[in-house]
Amino acid sequence: MTAPGTAATVLEATAPMPSPVIDLRGARKTYRTGDLEFEALRGVDLRIERGEYVAIVGPSGSGKSTLMNVLGCLDTLTSGSYRIAGDDVDDMDETDLASVRNEQIGFVFQQFNLLPSLSALRNVELPLVYRGVAPAERRARATQALERVGLGDRTANRPGQLSGGQQQRVAVARALVGEPALVLADEPTGNLDSRSTADVLDLFDALHAHGRTIVLITHEHEVAERSRRVVRVLDGLITSDAPSGRAVAP
Amino acid sequence: MSWTETLSTAWHAIRAHTMRSLLTVLGILIGIAAVILTVGLGLGTQKDVSEDISSLGSNLLIVTPGSSTDSSGVRGGFGSASTLTTADAEALGSDVAVPDVAAVTAEKESSQSLEAGDANWTTTVTGVTGDWLDVRSRELASGEFVGDGSTDEVVLGPETATELFGSTRVVGRTVSIAGTTFDVVGVLEAAGSSASTDLDDTAVVSMTAMTSGITGGADTSVSTIYLKATDTDAISAAYQEAQSLLLALHGATGADAADFTIDSQDSLVSTATSVYRTLTVLLAGVAGLSLLVGGIGVMNIMLVSVTERTREIGLRKALGAHPGAIRRQFLTEASILGVTGGLVGAGLGVLAAVTLPAVLDSSIVVSPVAVAGSLAVALAIGLVFGVYPAVRAARLAPIDALRSE
């Protein structure tokens with residue numbers, strides 16, 4: 001605990017210049033299987049500011065999934081440092097990491113990962129359940145999040161009763177409900193037809209317009225082009241980091 | 001995550017696999033019901049036996065031949081030639097030597113075939129002295145008791161009378177025992193059966209008739225002498241007096257050299273009780289084993305559940321579930337299985353305890369302690385056997401769990 005005076009000073013000092021959402025420095029990740037060693041990340045620096053819409057692209061095996069796991073606090077670095085929204089996660093234990101995931105990150109997965117036995121509303125409520133939000137407030141916020149993704153009339157439906165595109169929109173609502181610093185989407189359109197893909201990407205556009213920070217991992221060129229900044233990963237290194245064609249156009 | 005939330009999540013997961021959960025609960029249920037029933041049966045038998053012994057009268061002392069074991073080991077006499085005689089019984093009737101004994105009776109038993117016309121029936125014939133009816137707390141249904149010293153009078157138990165004559169109104173009829181003809185002078189009131197003997201199937205004759213007519217010879221030994229103390233408080237005084245008198249009569253130097261044993265009703269009850277208690281513990285132990293097996297069933301199903309729901313666990317962790325919350329969720333599931341089994345098992349056990357005695361002809365005592373205890377055990381089983389699966393679930397790395405198919 002810091003003394004009240006010091007805390008005030010810190011607040012004043014940081015308030016005008018908020019810390020970046022993602023601040024990754026010299027990130028290395030080595031996997032060991034018996035005698036085999038595999039370097040998935042070989043020294044990655046990445047800084048993403050609030051409000052950015054970034055696509056991370058690369059072929060399979062390039063290390064982009066590892067990067068996504070590290071950014072999502074689902075995996076820890078072998079060396080290097082990672083700060084998310086100012087929180088240094090390098091020395092955190094699983095309990096603290098769980099809290100960081102809960103408060104700072106909203107996940108959208110390729111497989112949707114909705115719990116089949118729960119209604120759309122209950123699925124969206126889950127992050128708030130683990131945050132300890134009271135039931136009434138939880139329900140209100142989850143309903144609001146479902147309305148935002150255009151599923152206000154589907155709150156009682158179970159995932160099995162929804163189309164793939166609708167399920168992914170429920171997942172986006174779940175990612176948003178906790179007001180996280182970062183929405184992290186891992187191949188969010190990988191399991192969707194072109195119509196649903198367009199729906200979900202439109203949704204991301206709208207979120208971006210409202211100032212959300214979005215990081216999207218994909219191997220599809222068209223999806224990456226919808227973002228404002230494209231980071232290419234190959235063999236565990238960032239090979240290019242540039243604004244997307246769309247970002248320069250308007 | 002609040003407790004109500006955890007409970008409802010666990011309940012949800014259990015409901016998702018109704019059949020599997022029911023079978024798991026069945027394992028616990030059987031164990032709990034078995035424990036409640038066996039303990040109840042044990043306690044019931046214990047109660048029956050001590051009531052039987054109490055029905056002998058609360059101020060009764062029982063003298064049997066042979067000695068109890070002492071520090072030097074088992075003494076001879078027990079089961080062999082009787083060391084008690086009719087003379088001992090007479091001496092114990094003295095108001096001077098044993099003032100705290102109100103009444104005395106000696107018994108000598110012999111298994112004999114009774115004949116009445118074409119019917120014959122084998123039963124225990126008991127030769128008695130003194131105030132048998134009073135000391136043994138029996139009453140006559142009709143007629144009168146055998147006269148002291150009579151050689152041709154018999155009193156029949158109601159069952160024996162029915163077996164021989166088809167009726168209990170048999171005063172005045174005759175019965176042949178070991179070649180001697182006896183007049184039936186009375187019939188005993190029914191007293192039910194005790195743990196060891198049928199009190200209603202018996203024939204009582206005087207000691208004289210027994211020694212001269214039935215067993216023959218001048219054998220004056222007796223099987224048992226019963227003493228009735230003047231009242232319950234005088235039991236220990238009567239015990240002391242009877243013991244010192246018999247020691248003196250038998251020329252024994254001290255209590256260690258006694259060739260007889262005096263039991264009070266209390267000591268009989270405590271012996272019988274301890275025997276049945278051991279039996280109860282044994283039976284409950286066997287039932288407890290089935291409970292253990294039920295517990296392993298819970299663990300098995302929880303491990304299956306963890307494996308099956310690896311992906312769900314990964315997702316919950318990704319969404320911010322602490323390892324503790326995951327652990328609590330699985331522990332709660334296991335506990336619900338355990339407690340449900342416990343509650344239903346206790347219900348069935350109590351139900352069986354209420355309905356079975358009518359069929360089994362033995363009482364079952366439902367002990368609240370056993371019921372509460374087995375519920376606690378059921379909960380503990382859920383917790384203990386749920387710990388390992390729960391810890392395993394909590395330890396899953398979220399990334400591996402999410403990747404699993």
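Two strands are taken to pair if DSSP finds at least two bridges between them, and the legends below apply this criterion to a predicted model.

**View 1. The open sheet of chain A.** In this predicted model, six strands of chain A form an open sheet in the order 6-7-8-3-9-10, and the pairing within the sheet is mixed. Its edges are strand 6 (105–108) and strand 10 (237–243) of chain A, each of which pairs on one side only. From one strand to the next, the twist averages 20 degrees.

**View 2. Strands 3 and 9 of chain A.** Strand 3 (residues 53–57) and strand 9 (residues 229–234) of chain A run in the parallel sense where they pair, and four bridges join them. One position that can be followed in this view is A:A55, whose bridge partner in strand 9 of chain A is A:V230.

**View 3. The side of chain A that touches chain B.** Here 19 residues of chain A are in contact with 16 residues of chain B. On the chain A side, the elements that give two or more residues are helix 3 (94–104) and helix 4 (120–131) of chain A, and helix 3 of chain A gives the most, with six residues. Sorted by class, this side of chain A has eight nonpolar, seven polar and four charged residues. For the complex, the predictor gives an ipTM of 0.87 and a pTM of 0.68.

**View 4. The hairpin of strands 2 and 3 of chain B.** Strand 2 and strand 3 of chain B pair in the antiparallel sense over 10 bridges, and B:E115 has B:N120 of strand 3 as its bridge partner. The hairpin has two residues between the strands, and within this hairpin B:G117 takes a positive phi near 65 degrees. Strand 3 of chain B also pairs with strand 8 of chain B, here in the parallel sense and over five bridges, with B:G127 standing opposite B:V205 of strand 8.

**View 5. The buried side of helix 6 of chain B.** Within helix 6 (residues 207–214) of chain B, the residues B:M207, B:A209 and B:M210 are buried. They lie on the same side of helix 6 of chain B, because they cover an arc of only 165 degrees around the axis. Just after helix 6 of chain B, B:G216 takes a positive phi of about 75 degrees.

**View 6. Confidence along chain B.** Chain B averages a pLDDT of 83, and 92% of its residues score at least 70. Over residues 68–80 of chain B, however, pLDDT stays under 50, and for this stretch the model has 13 contacts beyond four places in sequence. Where pLDDT is low, the predicted coordinates should not be read in detail.

Technical notes. Residues numbered from 1 in each chain as written. Chains lettered and ligands numbered in written order. Predicted model: local features only at pLDDT ≥ 70, side-chain atom pairs only at ≥ 80, totals over all residues. Axes fitted to C-alpha atoms, helices over the stretch in contact; angles between N-to-C directions. Contact = placed C-beta atoms within 7 Å. Nonpolar A, V, L, I, M, F, W, Y, C, P; charged D, E, K, R; others polar. Buried ≥ 20, exposed ≤ 12 C-beta atoms within 10 Å, placed from the backbone. Arc of directions from axis to C-beta. pLDDT = per-residue confidence, 0-100.
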